[in-house]
Amino acid sequence: MRHTDFRERMADEFGRLRAEMLAEDHVMSELGGRTADQALEAGFSPKQVWLALCDVFEVPAARR
């Protein structure tokens, strides 16, 4: 998954504004106490970050 795909999926699932806020502000233990943006900067793959978000926000398997 590319970064652009990750951002598109975020916007589709959460809405563009909420997706941006989640990526910047929501700290997840699944990502080592990082936000999505911090995890991406630290070298996590966009797919890892997306799946962590899906787990935390209980995104149905069909939309993962």
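This is a predicted model: local features need pLDDT of at least 70, side-chain atom pairs count only at pLDDT 80 or more; totals for chains, interfaces and linings use all residues.

Residues are numbered from 1 along each chain as its sequence is written, and side-chain values use heavy atoms, with hydrogens and water left out.

Let me begin with helix α4, residues 46–56. Helices here are DSSP runs of H or I with at least four residues, numbered from the N terminus. In α4, the buried residues are Pro46, Val49, Trp50, Ala52, Leu53 and Cys54; buried means under 20% relative accessible area, with a 1.4 Å probe and protein chains only. These buried residues pack against α1, residues 3–14, and against α3. Just after α4, Glu58 has a positive phi of about 50 degrees.

How do the axes of α1 and α4 lie? They come within 9 Å and cross at roughly 15 degrees; the axes are lines fitted to C-alpha atoms over the stretch in contact, and angles run from 0 to 180 degrees between N-to-C directions. The two helices are therefore roughly parallel, a term for angles under 35 degrees. On the α1 side, the contact is made by His3, Phe6, Arg9, Met10, Glu13 and Phe14, and on the α4 side by Pro46, Val49, Trp50 and Leu53. Contact means heavy atoms within 4.5 Å. By class, this contact has seven nonpolar, one polar and two charged residues. Ala, Val, Leu, Ile, Met, Phe, Trp, Tyr, Cys and Pro count as nonpolar, Asp, Glu, Lys and Arg as charged, and the others, Gly among them, as polar.

I turn now to the loop between α2 and α3, where Leu31 lies. Is Leu31 buried or exposed? Leu31 is buried, at a relative accessible area of 1%. Not counting residues up to four places away in sequence, Leu31 touches Ala36, Ala39, Phe44, Gln48, Val49 and Ala52. Val49 and Ala52 are also among the buried residues of α4.

Thr35 belongs to that loop as well, between α2 (16–25) and α3 (36–41). Thr35 is buried, with a relative accessible area of 4%. Its side chain reaches the backbone oxygen of Ala23 at 3.4 Å. Leaving aside neighbours within four places in sequence, Thr35 is in contact with Ala23, Glu24, Asp25, His26 and Val27.

Conventions: Buried means under 20% relative accessible area, exposed over 50%, partly exposed in between (1.4 Å probe, protein chains only). A polar contact is a pair of N or O atoms within 3.5 Å; within protein, one must be able to donate a hydrogen and the other to accept it, and residues adjacent in sequence count only if both atoms are side-chain atoms. Angles under 35 degrees count as roughly parallel, over 145 as roughly antiparallel, 65 to 115 as roughly perpendicular and the rest as oblique.
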